[in-house]
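This report describes a model of a protein assembly and is to be read alongside the sequence and coordinates.

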Amino acid sequence: MAQARSRERSLLRKALSPSCACATPLELGGLADGSLAQPAATRLSDHVSGCARCQTELTLLKEFENAAPGPDEEGAVSWISARLERRFSEASAGPSPSRTDRGAALPRRSWFTALNVGGFALAAATLSAAVTIGLREGRAPELAQPSATASAVLRSAGITPLSPAGDLDAQPNELRWAPRTDAASYSVQVMEADFAELWNAETRDASIALPPALRARIVPGKPILWEVVAKDAAGRAVAWSGKQRFRLRK
Amino acid sequence: MSNHLAAGGSGASIWLQELFRRHYTKVVTWCLRVAGDREEAYDLAQGVFVKAQRHLGAFRGDSKVSTWLYSITRSECLNYLKSRCLLDDALDDDVAEALPDDPESRPEHVFELHSSVLAARALLDRELTDTEKRVFILHYGDDVPLLTITRLLGLENPSGAKAYLVSARRKLARVLSRWRASERLIA
Ligand SMILES: [Zn+2]
């Protein structure tokens, strides 16, 4: 009896699971916001319009996009958020050999910085053909299109870096970029070629002086990267410069 | 303005940090709706962010950050439900009570009878409303508990997903008995 029931359940599961023609969540997202390229877009939208499974997934995706805590959820959501924030800032504050020899840690490293993410993303997305995660079993990994890297897409959010760039004869004193009218402040980050952070700072101006300790690390022949993010009055990022590269000539 | 020599290791792109922060509440809210308990939701959300970090190399600029985060949240949540064996048989019994005492009206039976997956999908498509289909698919296809479905789909009727499941099964049972009647006529 129980055996028959579990056999029936597994049959049902098979009938209701996504088929190989079904769209992945990423494809559904692309379909919903119109960013999916042809001919995949037409093929998938034909499928989705007749597939209850894909429509269910699309409904969930939309619910997720609009998910905001209701009155009965607010307390728990802020409790969880605070705990996550604390958990990750504790993790980042812990001593590690690579940190102590680099100088003082930032006063308040976010959990996200602690997780050490962005460098990875850009490294993989811009410098190599990233292999997408096989979110669904049985899907062969796809190779990212070189033209559709994270860098290229984010760069279109536009902030124009002015200097320094390319090969330099003299050590730079400052970083400069074109001001944006919608920016209340700018966050700047300077990195080594492997995205290891050397320095970061905040400013209201469209330029910032490089401190002596950082300049000491800009040695001839060593490539240096920098980026700037414009933020509005509420502290939200509104534009990004992309990663800029310069090097002091030998 | 604060200038600090930053901590070592590889630097996080401030732009991506910002992008992720913007979607932070969605992930936490979603995990809470799946788990229904803040302690469990905390573990679940933490797992999502750790996985997001681990797979950041796979993030492609051609999909939205929120969609990409959703795909990770989705698979983490399904794994969580699977590992917890949260399939609510008690609720299933509730559903059964609301239905005529006919084992042949069970959806399992409907699908066994017409064991073609395509026929089963066509039957669902033709007979059920959009919400009934979604509840049916999530419950029987992904083993998502009815309470979780109620929260995820934001259903506001008094008994939530259960009501939709009951009406879906009633409809399928009716179709089935019509089929049986016509088979008898032909015989
Ligand atoms: Zn489909």
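## Basis of the model

The model is predicted: local features need pLDDT of at least 70, side-chain atom pairs count only at pLDDT 80 or more, and totals for chains, interfaces and linings use all residues. Residues are numbered from 1 along each chain as its sequence is written, chains are lettered from A and ligands numbered from 1 in the order in which they are written, and side-chain values use heavy atoms, with hydrogens and water left out.

## Chain A overall

Chain A has ten helices and nine strands, taken as DSSP runs numbered from the N terminus (helices H or I, at least four residues; strands E, at least two). Of its 250 residues, 44% are buried, where buried means under 20% relative accessible area, exposed over 50%, and partly exposed in between (1.4 Å probe, protein chains only).

Contacts are heavy atoms within 4.5 Å. Among those in chain A between residues at least 6 apart in sequence, 58% join residues at least 24 apart.

## Zinc site

Four protein donors lie 2.0 to 2.3 Å from the zinc ion: Cys22(A) (SG), His47(A) (NE2), Cys51(A) (SG) and Cys54(A) (SG). Donors are N, O and S atoms within 2.8 Å of the metal (3.2 Å for Na, K and Ca); water is not among the atoms, so sites may look incomplete. The angles among the four donor atoms are 102 to 115°, and the site is tetrahedral (four donors, all angles between 85 and 135 degrees).

Along the chain, the donors follow the spacing C-x24-H-x3-C-x2-C. Cys22(A) sits in the loop between helix 1 (2-16) and helix 2 (25-33) of chain A and His47(A) in helix 3 (residues 40-49), so this pair ties together parts that are 25 residues apart in sequence. Cys22(A) is buried, at 1% relative accessible area.

## Helix 2 of chain A

The buried residues of helix 2 are Pro25(A), Glu27(A), Leu28(A), Gly29(A) and Gly30(A). They pack against helix 3 and helix 4 (52-65) of chain A, together with helix 4 (65-84) of chain B. After helix 2 comes Gly34(A), with a positive phi near 75°.

## Thr59(A)

Thr59(A) belongs to helix 4 of chain A and counts as buried at 18% relative accessibility. Leaving aside residues up to four places away in sequence, Thr59(A) touches Arg134(B) and Leu153(B). The side chains of Thr59(A) and Arg134(B) are joined by a polar contact of 3.2 Å (a pair of N or O atoms within 3.5 Å; within protein, one must be able to donate a hydrogen and the other to accept it, and residues adjacent in sequence count only if both atoms are side-chain atoms).

Key: Tetrahedral: all angles 85-135°; square planar, octahedral: opposite > 155°, others 65-115°.
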